[in-house]
Amino acid sequence: MKFFVDTADTAAIAELAELGMVDGVTTNPSLILKSGRDILEVTREICALIPGPVSAEVVATEAAAMIAEGRKLAKIAPNIAVKVPLTWDGLKACKTLSDEGSMVNVTLCFSANQALIAAKAGATFISPFVGRLDDINLDGMELIADIRTIYDNYDFKTQILAASIRSVNHVTEAARIGADVATVPPGVLKALADHPLTEKGLATFLADWKKTGQKIL
Ligand code: E4P
């Protein structure tokens with residue numbers, strides 16, 4: 001499974017990139033707001049840090065304006081994936097932009113049917129929002145599983161990008177189901193390394209090592 005990091009915080013991206021764990025980045029208008037940065041400037045910086053797909057979201061709501069914004073975003077760097085919302089206008093923009101050779105990430109997906117038509121519109125990525133479904137007492141992972149089945153049934157090449165990931169368990173489940181990508185906030189990505197038995201075991205080993213009186217270096 002590929003990991004995208006779900007942030008517009010360039011320091012956090014750079015830190016994780018050093019470990020070779022970041023296959024791409026996703027941003028959205030809320031994350032741009034949180035960064036306090038200019039969208040074009042920060043997106044350009046992110047694209048220089050990470051060679052993989054960097055999603056930048058349009059904010060127009062009509063197809064023609066979305067296409068114009070998408071073209072402008074796509075000019076930032078060759079690794080831009082233009083993010084469009086899963087509306088009828090968004091699907092029109094997806095078709096045009098993907099026909100022009102841009103990567104397109106269709107976002108705000110909450111149903112299997114939405115994912116099906118996004119694939120037919122040529123989406124490179126479909127972003128089902130797991131956490132936001134869980135928030136309203138629905139099962140976000142069931143949606144990931146349904147999309148996996150449907151895409152495999154028809155050999156769609158659109159990649160399932162599990163989004164709105166809120167916990168390490170979401171990552172495990174998305175990987176178990178076979179999501180192609182999980183976009184993960186930096187804190188959750190770092191927490192994947194944590195286990196209380198690792199900490200406990202390490203404390204014991206270090207205490208015993210001290211008693212040996214030895215040194216390696
Ligand atoms: C990423 O592409 C999405 O915009 C993001 O994962 C949404 O996450 P949230 O539901 O935690 O805001």
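This is a predicted model: local features need pLDDT of at least 70, side-chain atom pairs count only at pLDDT 80 or more; totals for chains, interfaces and linings use all residues.
**Entry 1: the chain as a whole**

I began with the secondary structure and found 11 helices and 8 strands in the protein chain. I then took the extent of the C-alpha trace, which spans about 70 × 40 × 30 Å along its principal axes. I looked up burial next: of the 217 residues, 46% count as buried.

**Entry 2: helix α4**

I checked the length of helix α4, which covers residues 63–74. Its 12 residues should span 16 Å at 1.5 Å a residue, and the end C-alpha atoms are 16 Å apart, so the two values agree. I then asked which residues of α4 are buried. They are Ala 63, Met 66, Ile 67, Gly 70 and Leu 73. Viewed down the helix axis, these buried residues of α4 fall within an arc of 125°, and therefore they line one face of the helix. On the other side of α4 I noted Ala 64 and Lys 72 as exposed. The cover over the buried residues of α4 includes the helices α3 (39–49) and α5 (88–99), together with the strands β3 (54–57) and β4 (80–85).

**Entry 3: helix α6**

After α6 comes Gly 122, and its phi is positive, near 90°.

I looked up Leu 143, which I located in helix α8 (residues 140–154). Is Leu 143 buried or exposed? Leu 143 is buried, with a relative accessible area of 7%, under the 20% cut-off. Setting aside neighbours within four places in sequence, I listed its contacts as Cys 109, Phe 110, Ser 111, Ala 112, Pro 128 and Leu 133.

I then turned to Thr 107, in strand β5 (residues 103–109). Thr 107 is buried, and its relative accessible area is 0%. Not counting residues up to four places away in sequence, Thr 107 touches Glu 57, Lys 83, Val 84, Pro 85, Leu 86, Ser 127 and Phe 129.

**Entry 4: the ligand**

Which residues surround the ligand? I found Asp 6, Thr 26, Asn 28, Lys 83, Phe 129, Arg 132, Ala 163, Ser 164, Arg 166 and Thr 183. Among them, Lys 83 and Phe 129 are also touched by Thr 107.

I next noted distances to oxygen atoms of the ligand. One such oxygen is 2.6 Å from an N or O atom in the side chain of Asp 6. A polar side-chain atom of Arg 132 lies 2.7 Å from a ligand oxygen, and one of Arg 166 lies 3.1 Å from a ligand oxygen. Finally I looked up the ligand's area: taken alone, the ligand exposes 350 Å², and the protein buries 85% of that.

How values were computed
Residues are numbered from 1 along each chain as its sequence is written. Side-chain values use heavy atoms; hydrogens and water are left out. Helices (H or I, at least four residues) and strands (E, at least two) are DSSP runs, numbered from the N terminus. Buried means under 20% relative accessible area, exposed over 50%, partly exposed in between (1.4 Å probe, protein chains only). Contact means heavy atoms within 4.5 Å. The expected span of a helix is 1.5 Å times one less than its number of residues. The arc is that of the directions from the helix axis to the C-beta atoms. A residue is near a molecule or strand if one of its heavy atoms lies within 4 Å of it. A polar contact is a pair of N or O atoms within 3.5 Å; within protein, one must be able to donate a hydrogen and the other to accept it, and residues adjacent in sequence count only if both atoms are side-chain atoms. Accessible areas come from the Shrake-Rupley method with a 1.4 Å probe; for residues, only the protein chains shown count as cover.
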